[in-house]
Amino acid sequence: MIVREYYPGIDYSLCKLCRKCEEICPAAAISLLKEDKRMAVDVKRCIDCQRCMDACPENAITMLPRSGDYALSVDVSELDQEKIGEICRKVGLAPGEAVCACTFVTAQELAGAVLMGAKTPEDVCAMTGVRRGCGIYCLVNIFKILDAAGVRPEERAGSHLYHHPLSSLDIPDDRLREIDEEFPQYRLLEDVSMIRETRGLEDDRGA
Ligand code: SF4
Ligand code: SF4
């Protein structure tokens, strides 16, 4: 769960419709209304990450205090627990495991969002609040969960997201060894072994 305190307000006298805010928004909460020729914010989707404000070259965005609807989370208690467990198992995550070190959103919340209709990483983000912090490490798990649930999102036009579910667990073993030999200081083999052990995954590298 995250708590949202602010939402973006746009000063239309400054906005040049460059759409940089739209490109950077992880929740697809800000977009151009072509008919009105202005940017619009979907406050319900906004996760208060404030990236749009930082990205605006015209300083046209100011974060304004919300007046309600602060908490954002997926209540998994009413959802099909077996399906949630199955999706999480497929990607080697425990349902209660935090997949985002910034927000502590869990794997079961991501799976729950998909069961509730999320079709894109942006939907998962807008429903759970994941990606509000660094927005990097959780992305792999978002794609993996979507993939495990059979959802294949189309790349969003103008989005900076890299649509490939790749983590250190997906690197072929021979490549892992090469990287480990070249950069022993990162202890990659040791890391991958520990992750596999923790998640009860088979370690067939013999390392
Ligand atoms: S989610 Fe972040 S980038 Fe998107 S509109 Fe809200 S504050 Fe701006
Ligand atoms: S980044 Fe700023 S100037 Fe560009 S469209 Fe968004 S609000 Fe307007």
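**Core, helix and ligands**

Me: Which residues does Val130 touch, not counting residues up to four places away in sequence?
Reply: This is a predicted model, where local features need pLDDT of at least 70, side-chain atom pairs count only at pLDDT 80 or more, and totals for chains, interfaces and linings use all residues. Residues are numbered from 1 along each chain as its sequence is written, while chains are lettered from A and ligands numbered from 1 in the order in which they are written. Contact means C-beta atoms, placed from the backbone, within 7 Å. Val130 touches Val99, Cys100, Thr103, Val105, Leu110, Val124, Cys125, Cys138 and Ile142.

Me: Which members of the largest nonpolar core touch the most other members?
Reply: A nonpolar core is a set of buried Ala, Val, Leu, Ile, Met, Phe, Trp, Tyr and Cys residues joined through C-beta atoms within 7 Å. Buried means 20 or more other C-beta atoms within 10 Å of a residue's own, exposed means 12 or fewer, and partly exposed is in between; C-beta atoms are placed from the backbone. The core has 45 residues, and the members touching the most others are Leu110, Val124, Val130, Ile142 and Ile145.

Me: Where does this core lie, and why?
Reply: Domain bounds come from an automatic or database domain assignment. Domain 1 (2–71) and domain 2 (76–148) both give residues to the core, so it lies between them.

Me: How many residues of α6 are buried?
Reply: Helices (H or I, at least four residues) and strands (E, at least two) are DSSP runs, numbered from the N terminus. The buried residues of α6 include Leu139, Phe143 and Leu146. They pack against α3, α4 and α5. Of the 12 residues in α6, the number buried is nine.

Me: Is Gln50 buried, exposed or partly exposed?
Reply: Gln50 is found in the loop between β4 (38–41) and α2 (51–55). It has 15 other C-beta atoms within 10 Å, so Gln50 is partly exposed.

Me: Which residues come nearest to ligand 1?
Reply: Near means a C-beta atom, placed from the backbone, within 6 Å of the molecule or strand. There are 14 residues around ligand 1, and those that come nearest are Cys25, Ala29, Cys46, Cys49 and Cys52.

Me: Which residues come nearest to ligand 2?
Reply: The shell around ligand 2 has 14 residues. Those that come nearest are Cys15, Cys18, Lys20, Cys21 and Cys56.

Note on methods:
Two residues are in contact if their C-beta atoms, placed from the backbone, lie within 7 Å.
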